Amino acid sequence: MYRCIVAGLVAAVSLVSNLAAAEQFRANFSGFEEIGPLLTSTAIAAGMGDTGAILSKGTASLFLNLDKQAGTLEYTLVYANVGTTAPNTGTVTQAHIHFGKHHVAGGIIVFFCTNLNNGPKGTQTCPANGGTVTGTLTAADVVGPTAQNIPALDFDGLVAALEHDTAYGNIHTTHYGAGEIRGQIKRCEDDNCLYNLPPAGNGQGDNGQGNQN
Ligand SMILES: [Cu+2]
């Protein structure tokens, strides 16, 4: 009995210390967070502004587990109803972490998935309208953005963006090439953040904004 308790304590302490060594991040996505595409200078000269938010039934929850010592970022992205809102329906084309503050556009740091064959070797495909993508990102997966001074393969740049609330997740669709739903990535402040991911393929999240249809 005593040995059993000691073994349990050791396991619990090592679990806690593993979690302590890592950092967790979360984001909840919606169309209300979108800001529209980056404009060309020609479009700006023509007086075009950002398109603004997108009305979408799409939702997503993102969970990230960062281990700086190991140089790994584990991710779970669960989404539902993306591209299903008439009249501008479509399918998911790609999903990323971008480098930018809330309501500001920024370039791509890493891919979660793509159906455009434009990601680093081994990038998985995205489910059409809903599903779960998981994986582990390393320095080899960092693609930039060089224009914002994060060179390819710069894992520290990815870490800096996450730790300074300057990263957002974005899911793009065939109709909304600049993104249909988006969410600012925030560091988890409590244990609850770790364990409240929605069931796989559900995507309703814990934000009370789930869509039942
Ligand atoms: Cu993107």
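**View 1. The whole chain, element by element.** From the N terminus on, the elements follow the pattern α-β-α-β-β-β-β-β-α-β-β-β-α. Counted up, that gives 4 helices and 9 strands. Keep in mind as you look around that this is a predicted model. Its mean pLDDT is 84, and 75% of the residues reach 70 or more. Of the 213 residues in the chain, 35% are buried. Among contacts between residues at least 6 apart in sequence, 64% join residues at least 24 apart.

**View 2. An open sheet of 5 strands.** Follow the strands across the sheet and you meet them in the order β6-β3-β2-β1-β9, with antiparallel pairing. The edges belong to β6 (131-137) and β9 (186-187); each has a single partner strand, so one side of each is left without a neighbour in the sheet.

**View 3. Strand β1 and its partners.** Here we zoom in on β1, which covers residues 23-29. Strand β2 (residues 59-67) runs antiparallel to β1, and 7 bridges join the two. Glutamate 23 stands opposite leucine 66 in β2. β1 also pairs with β9, again in the antiparallel sense, over 2 bridges.

**View 4. The largest nonpolar core.** This core brings together 38 residues. Those with the most contacts inside it are Ala60, Leu77, Ile109, Val110, Leu158 and Ile171. Several elements supply at least two core residues each: the strands β1, β2, β3 (72-80), β4 (92-99), β5 (108-114), β6 and β7 (167-173), together with the helix α3 (155-163). Which strand gives the most to this core? That is β3, with 6 residues.

**View 5. The surroundings of isoleucine 109.** Now we move to one of the core residues with the most contacts inside the core, Ile109. Which residues is isoleucine 109 in contact with, leaving aside its neighbours within four places in sequence? Look for Ile97, His98 and Phe99, then Val142, Gly144, Pro145 and Ile150, and finally Leu158, Ala161 and Ala167. Leu158 in this list is also among the core residues with the most contacts inside the core.

**View 6. Residues 200-213.** Take this part of the picture with care: pLDDT stays under 50 over residues 200-213. For these residues the model has 32 contacts beyond four places in sequence.

Key
Residues numbered from 1 in each chain as written. Predicted model: local features only at pLDDT ≥ 70, side-chain atom pairs only at ≥ 80, totals over all residues. Pairing = 2+ DSSP bridges. Core = buried A, V, L, I, M, F, W, Y, C linked by C-beta atoms within 7 Å. Buried ≥ 20, exposed ≤ 12 C-beta atoms within 10 Å, placed from the backbone. Contact = placed C-beta atoms within 7 Å. pLDDT = per-residue confidence, 0-100.
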